[in-house]
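Colleague: Could you take me through how to read the features of this model, starting with the pairing of strands?
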Amino acid sequence: MTNHEPVSAGLPAATAGLPTAAAGLPGAASAAGLPAAGAASASASAAAEQLSPVSRTALAVARGRAYESAQPEPLFTDPYALAFVTAAGAPPRPADTVLGPLARRLLMHGILRTRHYDDGLLAAGARQVVVLAAGLDTRAYRLPWPDGTRLYEIDLPPVLAFKEQVLTAQDARPRCERTALPADLTDPRWPEQLRAAGFDPTQPTAWLAEGLLVYLDADQAAQLLTTVGELSATGSRLLVEQGRDVSRTPVEEGLTEMTSLWRGGLGPGTADWLDAHGWTTRFTSLDDIAATHGRVLPPATGTVVNGFLEAVRA
């Protein structure tokens with residue numbers, strides 16, 4: 001999304017669930033191999049300034065991934081996460097920053113979500129993967145994809161321009177055939193652009209809509225998922241969060257810049273909508289994922305997504 005487009009045009013991937021305050025978590029600045037804040041290039045910093053408020057929430061997600069990557073036994077390693085944050089000119093806050101209860105919950109939610117979707121995409125077995133509103137997602141570079149996998153990243157031009165500058169500076173090499181597609185998911189022409197880039201709707205696809213629907217209203221979310229369904233061959237899989245009632249989101253210092261952008265998507269009825277529109281859904285709770293990986297969840301606030309959906313196209 002450019003500065004001339006409405007907020008509704010910016011559809012971030014992987015951005016619902018990690019607060020800006022995550023910059024203050026200890027260890028976030030010490031991930032091996034990542035540049036210090038002063039090393040951020042002027043060109044990348046200028047590109048980051050072109051990001052919309054919604055697209056900039058991807059930087060909060062990158063902070064969380066950098067933090068987890070620096071832990072002694074991380075659930076995943078994202079070697080480029082901190083590079084995005086520092087290139088944007090947003091160095092980590094002091095290590096003594098105290099996170100509020102919602103921020104702590106959202107941080108752990110984002111970490112567990114990343115690992116859950118990593119596993120889900122690989123387990124899907126599809127050789128065609130589409131990351132909707134990819135933001136600063138680096139799965140094309142860090143996951144062990146099977147030979148022949150083609151991965152499409154869709155997002156707005158300013159997001160992909162910033163991302164490409166940072167990845168180029170890091171000499172990053174994708175582990176699959178990656179196609180970055182500048183497109184607006186609110187523009188009805190995006191499916192045509194995807195096909196023109198080589199996407200084959202007759203082949204099973206693994207779709208990822210990570211942290212996306214909450215930034216859309218119900219009509220936008222339904223339209224996007226309808227289009228995804230039309231592009232999905234039998235056996236395709238869609239990974240997405242179960243919805244939340246954003247009207248009950250508490251006000252917490254350091255989070256309002258992000259939570260004020262939440263529009264709710266299809267809310268708690270996401271699974272019901274998918275089941276009624278050609279998909280079969282399976283729900284996995286956040287508590288179960290935390291238990292699987294030996295992580296302790298902070299107390300629930302009543303507003304955080306409580307799990308994730310895997311939908312299979314009939």
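Modeller: Two strands pair if DSSP finds at least two bridges between them, where strands are DSSP runs of E of at least two residues and helices runs of H or I of at least four residues, both numbered from the N terminus. Strand β1 (residues 128-131) and strand β2 (residues 150-155) pair in the parallel sense over four bridges, and Gln 128 stands opposite Arg 150 in β2. This is a predicted model, in which local features need pLDDT of at least 70, side-chain atom pairs count only at pLDDT 80 or more, and totals for chains, interfaces and linings use all residues. Residues are numbered from 1 along each chain as its sequence is written, and side-chain values use heavy atoms, with hydrogens and water left out.

Colleague: In what order do the seven strands form the open sheet?

Modeller: The order is β3-β2-β1-β4-β5-β7-β6, with mixed pairing. Because β3 (177-182) and β6 (279-285) at the edges each have a single partner strand, one side of each is left without a neighbour in the sheet. From one strand to the next the twist averages 15 degrees.

Colleague: Which strands does α4 lie across?

Modeller: Contact means heavy atoms within 4.5 Å, while axes are lines fitted to C-alpha atoms, for helices over the stretch in contact, and angles run from 0 to 180 degrees between N-to-C directions. Helix α4 lies across β1, β4 (206-209), β5 (237-241), β6 and β7, running at about 175 degrees to β5, whereas helix α6 (residues 157-169) lies across β2 and β3, at about 140 degrees to β3.

Colleague: How many aromatic pairs does the structure hold, and how is such a pair described?

Modeller: A pair of aromatic rings is described by the distance of the centres and the angle of the planes. Rings of Phe, Tyr and Trp (its six-membered ring) pair if their centres lie within 6.5 Å, and planes under 30 degrees apart count as stacked, over 60 as edge-to-face and the rest as tilted. The structure holds five aromatic pairs. In one of them, the rings of Tyr 80 and Tyr 141 have centres 6.0 Å apart and planes at 70 degrees, so the pair is edge-to-face. Tyr 80 lies in the loop between α2 (53-69) and α3 (81-87) and Tyr 141 in helix α5 (residues 139-142), so this pair ties together parts 61 residues apart in sequence.

Colleague: Is Tyr 141 buried or exposed?

Modeller: Buried means under 20% relative accessible area, exposed over 50%, and partly exposed in between (1.4 Å probe, protein chains only). Tyr 141 counts as buried because its relative accessibility is 8%.
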